[in-house]
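Please open the structure in a viewer and keep the selection panel at hand.

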Amino acid sequence: MKNLIIYRSVYGSTKEYAQWIADAIGADIFSLEEAENVDLNNYENIVLGCGVYAGKIKIKKWIVSNWDKLKSKNKVVLFTTSGSPAEEIKKEKMIERNLPKEILAKIRYFPLGGRMVIEDLNFFHKLIIKLLAKMTKDPGLKKRSVKGFNFMDKKNIDPILDYLKA
Ligand SMILES: Cc1cc2nc3c(=O)[nH]c(=O)nc-3n(C[C@H](O)[C@H](O)[C@H](O)COP(=O)(O)O)c2cc1C
């Protein structure tokens with residue numbers, strides 16, 4: 001099976017997971033910016049990844065506009081990296097707000113813990129996170145917004161590898 005990974009990552013956590021998956025399964029790997037000229041017809045399994053920003057997945061537009069090709073693939077995986085533990089993301093149903101039912105029925109979705117280093121954020125993002133830290137009443141979210149977080153763990157990709165290898 002020929003595997004393709006396309007990811008969108010602002011601060012590198014999604015990229016790191018994407019590279020771990022590529023190393024484990026053997027895959028061609030491209031950032032979304034590089035993916036314009038990639039011929040999807042050459043691949044049987046497609047893995048897509050991106051960070052969650054303000055409740056949105058930034059790879060949505062690409063998925064929707066390439067859906068005609070994606071829907072005939074053997075397996076399509078979508079993983080997200082974020083600041084919420086996986087159970088919370090499932091409860092939030094964030095993904096249902098981002099993608100239509102027809103697409104979700106075909107995609108296998110894996111929410112993963114990401115990373116945020118406050119000092120690395122650009123001016124705009126720092127401002128948003130500062131405001132969030134001030135406004136939120138959730139103590140966990142407040143702490144993550146003030147101190148940042150690192151939920152990165154190579155083991156998090158195991159369910160994705162199991163699914164792709166099955
Ligand atoms: C401005 C901003 C907004 C964010 N919004 C969310 C969010 O809505 N939900 C969430 O769980 N994490 C949120 N995060 C955390 C990112 O999803 C997390 O840091 C992710 O690992 C970033 O991926 P990347 O390093 O590949 O860009 C936000 C981070 C920033 C800087």
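This is a predicted model: local features need pLDDT of at least 70, side-chain atom pairs count only at pLDDT 80 or more; totals for chains, interfaces and linings use all residues.

Residues are numbered from 1 along each chain as its sequence is written, and side-chain values use heavy atoms, with hydrogens and water left out.

**First stop: the largest pocket**

Select Val52, Tyr53, Ala54, Met116 and Ile129, which lie nearest the centre of the largest pocket among its 39 lining residues. A pocket here is an open set of points on a 1 Å grid over the protein atoms alone, where a 1.4 Å probe fits, with protein on both sides within 12 Å along at least five of seven lines; lining residues have an atom within 4 Å of a point. The space in this pocket is about 930 Å³, a volume filled by probe spheres set on the points.

Next, colour the lining by class: 17 residues are nonpolar, 13 polar and nine charged. Ala, Val, Leu, Ile, Met, Phe, Trp, Tyr, Cys and Pro count as nonpolar, Asp, Glu, Lys and Arg as charged, and the others, Gly among them, as polar.

Which helix gives the most to the lining? H7 does, with six residues. Elements supplying at least two residues each include strand E3 (45–53), helix H7 (123–135) and helix H8 (139–147); helices (H or I, at least four residues) and strands (E, at least two) are DSSP runs, numbered from the N terminus.

**Second stop: H7 and H8**

Select both helices: their axes, lines fitted to C-alpha atoms over the stretch in contact, come within 8 Å and cross at roughly 150°. H7 is therefore roughly antiparallel to H8, the term for angles over 145 degrees, on a scale from 0 to 180 degrees between N-to-C directions. Show Ile129, Leu132, Ala133 and Lys134 in H7, which meet Leu141, Lys142, Ser145 and Val146 in H8, with contact meaning heavy atoms within 4.5 Å. By class, this contact has five nonpolar, one polar and two charged residues.

Finally, select helix H1 (residues 13–25) and helix H9 (residues 158–165), whose axes come within 11 Å and cross at roughly 40°.

Key
Angles under 35 degrees count as roughly parallel, over 145 as roughly antiparallel, 65 to 115 as roughly perpendicular and the rest as oblique.
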